[in-house]
Amino acid sequence: MIRSLFLGALAFVCLASTASALQLEPYKDDLFAYPGILKTGDSGDYVVIDYNEMRDINGRDEVPERRVKQNYVSLQPKRSQKDLVVTTDKGPVKVIAVGKLDPGAAVITIYLHGQGGNRQQGMNDFTFGGNFNRVKNLMDRNGGLYLTPDFSDFGDKGEAEVTGLINYFKSQSPRAKLFVACGSMGGSLCWRLAQDAQSAKNISGLIILGSLWDDHFIGSPSFKRRIPVFFGHGSRDPVFAIDKQEAFYQQIRTSAKGYPVRFHRFESGNHGTPIRMTDWRGVLNWMLSVAP
């Protein structure tokens, strides 16, 4: 009888802990919802999303690809937005921050730009259909922190700079789940971070947007820790072939039973489509629910 009561109490504690996991509150969900689902598979982990440039760019933007319509945007995060310089072991790193800079951020999201980008890209409120403005608002309104840094390259030095940045902000908010989103060539840094033992302890999930793959992730410290991985990819991406990215997604699935990995395919989408269309709240809430 006592053992049964103990097991019952333990189960209640586990359920309460799961139920209390942070979830981001809705923010313009109706505007940023996927326009249509064409197909699902892998118990919902693989989703094919209807994408149409005339509707999802021309119909959404006031000036196509330059300025989204005003109703997609709130400039509330501007009140907390700061341009900072963080000192790391590899020298100073410029970073723009939005949200809770004081210790105790509830969640941290970092966006790493691709080739030719800079820290301004992921802070632009009006490009990419207002999707960066949405993640800024999601972090700002939920006690979180959003960061977009500059870095020297996509190799050793850039990795060291981003690692230093992660170490600094994680030390400020040690209990926060920290997610790294990488666009295009920035994905090479995501995979590098995943293989570093120290970074793997600090990172709770990777968001790969129109980016590349890396077979070395299998067996890496992050893989062994089972951090969730999300892939967003356009079916017509001319830079990184979708067939190879889908094959890598399946490789992760088959390498570890039940591994938390999802793939959203934007049918007819191009290289930048996942940055414009990915549902930040849906992805982050999923990660928050399964992250170690």
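Predicted model: local features only at pLDDT ≥ 70, side-chain atom pairs only at ≥ 80, totals over all residues.

Visitor: Why is Lys-136 called buried?

Guide: Its relative accessible area is 0%. Residues are numbered from 1 along each chain as its sequence is written, and side-chain values use heavy atoms, with hydrogens and water left out.

Visitor: What makes Lys-136 and Asp-125 a salt bridge?

Guide: A salt bridge needs a side-chain nitrogen of Lys or Arg within 4 Å of a carboxyl oxygen of Asp or Glu. Here the N to O distance is 2.9 Å, so the pair qualifies. Asp-125 sits in the loop between E7 and H4 and Lys-136 in helix H4, so parts that are 11 residues apart in sequence are tied together. Asp-125 is buried too, because its relative accessible area is 5%.

Visitor: How many salt bridges does a search of the whole structure find?

Guide: The search gives 18. One of them joins Arg-276 and Asp-61, with the closest N and O atoms 2.7 Å apart. This pair links distant parts of the chain, 215 residues apart: Arg-276 is in helix H10 (residues 273-277) and Asp-61 in strand E3 (residues 61-63). Both partners are buried.

Another salt bridge connects the side chains of Asp-150 and Arg-119, at 2.5 Å from N to O. Asp-150 belongs to the loop between strand E8 (145-149) and helix H5 (156-172), and Arg-119 to the loop between E7 and helix H4 (131-141), so this pair ties together parts 31 residues apart in sequence. Arg-119 has 15% relative accessibility and therefore counts as buried. There is also a network of salt bridges that links Asp-29, Arg-134, Asp-279 and Arg-281.

Visitor: How do you know that Cys-182 and Cys-190 form a disulfide?

Guide: The definition asks for a pair of cysteine sulfur atoms within 2.5 Å. These sulfur atoms are 2.0 Å apart, so the pair passes. The whole structure has one disulfide. Its link is right-handed, with 85° about the S-S bond. Cys-182 is buried because its relative accessible area is 0%, and Cys-190 counts as buried at 0% relative accessibility.

Visitor: What makes E1 and E2 a pair?

Guide: Two strands pair if DSSP finds at least two bridges between them. E1 and strand E2 (residues 46-50) have four, in the antiparallel sense, so they pass. Gly-41, for instance, has Tyr-46 in E2 as its bridge partner, and Thr-40 has Val-47. The two strands form a hairpin with four residues between them, and Asp-42 in the turn has a positive phi of about 55°.

Visitor: Why do E1 and E5 count as edge strands?

Guide: They belong to an open sheet of 10 strands with mixed pairing, in the order E1-E2-E12-E11-E10-E9-E7-E8-E6-E5. Strand E1 (37-41) and strand E5 (82-88) each have a single partner strand, so one side of each is left without a neighbour in the sheet.

Visitor: Why is Leu-24 called buried, and what does it touch?

Guide: Leu-24 has 1% relative accessibility, so it counts as buried. It lies in the loop between helix H1 (2-19) and helix H2 (29-32). Among the residues in contact with Leu-24 are Val-107, Leu-138, Arg-281 and Leu-288, leaving aside residues up to four places away in sequence. Contact means heavy atoms within 4.5 Å.

Technical notes
Buried < 20%, exposed > 50% of the residue type's maximum accessible area, 1.4 Å probe, protein only.
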